[in-house]
Amino acid sequence: MTGAHREAKVNHMVHRQFAALGDPTRLAIVERLACGPTSAGDLAAPTTMSLPAVLKHVRVLEEAGLVTTVKRGRVRECRLRDDALVAVATWTAQQQALWSTRLDALGTLLEET
């Protein structure tokens, strides 16, 4: 895989993760799962949403690579992936370095004028 192809793949994943986390319900699910795995039913319990509605949100989080689920009998256990936010953290660090450099250059230019 070329560097450009790998970067495009990472950017696509980051886009999907930001889109998934942009929804308050999905963000709340991720925050809950950060405390440990739980069943889909337990995720739905404190809300007014139905279990199928919660499962749709969980599916979006799965597709974004943030959450995994395992069905055990009649219970679907949800868990935050250990590497869930690595792509977002990497992208954020790259953007911070890029903009820090650009803003330093702008500051230097403004001081010279």
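**Figure 1. Ser50 in the loop between α3 and α4.** In this predicted model, Ser50 belongs to the loop that joins α3 (40–44) to α4. With a relative accessible area of 40%, Ser50 is partly exposed, because that class lies between the buried limit of 20% and the exposed limit of 50%. Ser50 and Leu66 are separated by 16 residues in sequence, and their C-alpha atoms are 21 Å apart in space.

**Figure 2. Helix α4 and its two sides.** Helix α4 is formed by residues 51–63. Its 13 residues reach 18 Å from the first C-alpha to the last, close to the 18 Å expected at 1.5 Å a residue. Val54, His57, Val58 and Leu61 are the buried residues of α4. These residues cover an arc of only 100° around the axis, and therefore they lie on the same side of α4. Pro52 and Lys56, on the other side of α4, are exposed. Just after α4, Gly65 adopts a positive phi of about 80°.

**Figure 3. Helix α2 and its two sides.** Helix α2 is formed by residues 24–33. The residues Arg26, Ile29, Val30 and Leu33 of α2 are buried. Seen down the axis of α2, the buried residues fall within an arc of 95°, so they line one face of the helix. On the other side of α2, the residues Pro24 and Glu31 are exposed.

**Figure 4. The packing of α2 against α4.** Two packed helices are described by the angle between their axes and by the distance between the axes. For α2 and α4, the angle is about 75° and the axes are 10 Å apart. The two helices are therefore roughly perpendicular to each other. On the α2 side, the contact is made by Thr25, Arg26, Ile29 and Val30. On the α4 side, the contact is made by Val54, His57, Val58, Val60 and Leu61. By class, the contact of α2 with α4 has six nonpolar residues, two polar residues and one charged residue.

**Figure 5. The surroundings of His57.** His57 is found in helix α4, and His57 is one of the residues through which α4 makes contact with α2. The relative accessible area of His57 is 16%, and so the residue counts as buried. Leaving aside residues up to four places away in sequence, His57 touches Asp23, Thr25, Arg26, Ile29 and Met49. Among these residues, Thr25, Arg26 and Ile29 belong to the α2 side of the contact between α2 and α4.

Figure 6. Gln17 lies in helix α1, which is formed by residues 3–21. At 3% relative accessibility, Gln17 is classed as buried, because the limit for a buried residue is under 20%. When residues up to four places away in sequence are not counted, Gln17 touches Ala64, Gly65, Leu66, Ala84, Ala87 and Val88.

**Figure 7. Ala87 in helix α5.** Ala87 is found in helix α5, which is formed by residues 86–112. Its relative accessibility is 18%, and therefore Ala87 counts as buried. Ala87 touches Met13, Val14 and Gln17, again not counting residues up to four places away in sequence. Gln17 lies in helix α1. Ala87 and His12 are 75 residues apart along the chain, and their C-alpha atoms are separated by 9.9 Å.

Conventions
Residues are numbered from 1 along each chain as its sequence is written. This is a predicted model: local features need pLDDT of at least 70, side-chain atom pairs count only at pLDDT 80 or more; totals for chains, interfaces and linings use all residues. Side-chain values use heavy atoms; hydrogens and water are left out. Axes are lines fitted to C-alpha atoms, for helices over the stretch in contact, and angles run from 0 to 180 degrees between N-to-C directions. Helices (H or I, at least four residues) and strands (E, at least two) are DSSP runs, numbered from the N terminus. Angles under 35 degrees count as roughly parallel, over 145 as roughly antiparallel, 65 to 115 as roughly perpendicular and the rest as oblique. Contact means heavy atoms within 4.5 Å. Ala, Val, Leu, Ile, Met, Phe, Trp, Tyr, Cys and Pro count as nonpolar, Asp, Glu, Lys and Arg as charged, and the others, Gly among them, as polar. The expected span of a helix is 1.5 Å times one less than its number of residues. Buried means under 20% relative accessible area, exposed over 50%, partly exposed in between (1.4 Å probe, protein chains only). The arc is that of the directions from the helix axis to the C-beta atoms.
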